[in-house]
Amino acid sequence: MTGLARRPERLAALQKTTFDVLVVGGGITGAAVARDAASRGLSVALIEREDWASGTSWRSSKLVHGGLRYLQSGALSLVYESLAERERLLRLAPHLVSPLEFLFAVLPGRWVSRPVLAAGLTLYDWLSLGRGAPRHRRLGRRETLAAEPLLAGAPFSGGAIYRDARADDARLTLENVLDAAALGAVPVSRVAFQKPLRNPDGECPAASLRDVESGTVFPVRARVTIRAAGPWSDALRRTEDAAAAARMRLSLGAHVTVPASRLPVARAVAIPVESSRLLFAIPSGPVTLLGTTDTEYRGDPDAAAPRPEDVAYLLARAGEAFPSAALGLEDVVAAFAGLRTLRIGRRGEVARASREEILETSPGEVSVAGGKLTTHRRMAVRAVDAAVAVLGDAGARARVSATRDRSFPGTPEGPFEAFVADFVRRAAGSGVPAGAARHLALRYGARAEEVVSLVRETPALARPIVPGLPDLEAEALFAARSEDARDVSDVLIRRTHVFWQARGQGAEAASRVAEILRAELGWTSAETEQSRARYLAEVSRSRAAVATRV
């Protein structure tokens, strides 16, 4: 089976090894940094205070895209790089990143007109440089309505169809972690950075860490530390200097999901709203995802959550675009929000702030933050380049990054759709229905066979976690055994999509999933109940934004 070594073995390796690189932060950026550094032959430790992707990295709009609206601010290099990385991910991780057709509908009086849209999409096509994406198609009002009947009643003047891509953001992060481990890195979640331990000469050969599960504090030795803590970057900096000034500016991006039956969009729809923002309505299996907001956030990153006004805003903008749907609070399945990390600079609307990454170096340290899900690999390359420079002679043995053409762990050989069709045929012999088998192939790629093997051993694991959804109980066991899941929330929020796709957010399934994890991880009854309760608390936090009218 693919996966990670047992956690005690990884913890022991943290304590007995002197690493070239210690990466702090297990979101998409930190996971990609660890993968890139390990691909160069460097010894790497990767730590995350909670679960992989548990911060911003699972709370995105789940898109891999060039950033059409960034053209307005002249960020051509960012768009060009994003489009290149989009096509690379489609090729190297087809089970995690898939093409998605968009309909851009123009509403009068917004920041984009039909001529501006046509010019922008022409430039978007040109920046793609024939990388396989079809060119955009311009639509008149009648053609736009034919493409998306739900727009009937909205005062749109026309639109266009173009292609970008969707991603499973949490699992893309996880497969970066898994591949980093396959390349020799030592990744351990539930380990918190306490403070740097410095020599008198100012160099930082070690850091104090805390095992969150046991409370044990121990040192780790590393020649350079790469901080990839995203919204927690300033807090991490203050572990050394409590008076350190803030360097990051945070923006809250909220999302809601509604049943697909209530908003059955035929393809992803982009609607221009104020402040150069786009409202996306993205078909996502049993739900349609609506997002996102972009508002300044000044609170504790740990407390970031959607607010009632965020939910009301998204429903109101959706109501303008799809008046016939008449969406209300009662339609919301789930609400979630993440934080974007931006550089502090000229004040103004965060929606207009640059999305390029922030990269800083100092003796023994590199800090990387910001950027986009789409460009995570290129961000990692630049961060590790900086770390190699900081390493000096010790970095001279580092090889060139191998991630440019390296497939992700679940990527099968040959055409992806052919793999899916063949897998569905083979899984039928194991008692897995065709719909569930296709779901497994699309989620796990070549690793789906490992999930089916659990069903062969225990046929009862072919039961759905939540009736009506394709997620299987075997996936909960697989998550604990091979994907480092150590909590009910890990399974239902990040290894599967139950949290944001199931009516009731899978609250009724939390007990059964907790029992599966108890048997695999050796929990006590108290630990089992605590894990279940933590998930229900996450559900309550999501529902709080929906329970209040504004």
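Guide: About 70 Å³ of space lies in the largest cavity of this structure. The model is a predicted one.

Visitor: How many cavities of 30 Å³ or more does the structure hold?

Guide: First the general idea. Rolling a probe the size of a water molecule over the atoms shows where empty space is left. Here the structure holds one cavity of 30 Å³ or more.

Visitor: How do the lining residues divide into nonpolar, polar and charged?

Guide: Eight are nonpolar, one is polar and three are charged.

Visitor: Now to α17 itself. At what angle do α16 and α17 pack?

Guide: Two packed helices are described by the angle between their axes and the distance between the axes. In this model, α16 spans residues 510–521 and α17 spans residues 525–547. They pack at an angle of about 140°, with axes 9 Å apart. That angle makes α16 oblique to α17.

Visitor: Is the crossing left-handed or right-handed?

Guide: α16 passes α17 in a right-handed crossing.

Visitor: Which residues make the contact?

Guide: From α16, they are A510, S511, A514, E515 and R518. From α17, they are T528, R532, Y535 and L536.

Visitor: And how do the residues of this contact divide?

Guide: Four are nonpolar, two polar and three charged.

Definitions and conventions
Residues numbered from 1 in each chain as written. Predicted model: local features only at pLDDT ≥ 70, side-chain atom pairs only at ≥ 80, totals over all residues. Heavy atoms only, no water. Axes fitted to C-alpha atoms, helices over the stretch in contact; angles between N-to-C directions. Helix = DSSP H or I, 4+ residues; strand = E, 2+ residues; numbered from the N terminus. Parallel < 35°, antiparallel > 145°, perpendicular 65-115°, else oblique. Left-handed = near helix turned anticlockwise from the far one by under 90°. Contact = heavy atoms within 4.5 Å. Nonpolar A, V, L, I, M, F, W, Y, C, P; charged D, E, K, R; others polar. 1 Å grid on protein atoms, 1.4 Å probe; cavity = no way out; pocket = protein on both sides within 12 Å on 5 of 7 lines; lining within 4 Å. Points joined across faces, edges and corners; volume = space filled by probe spheres on them.
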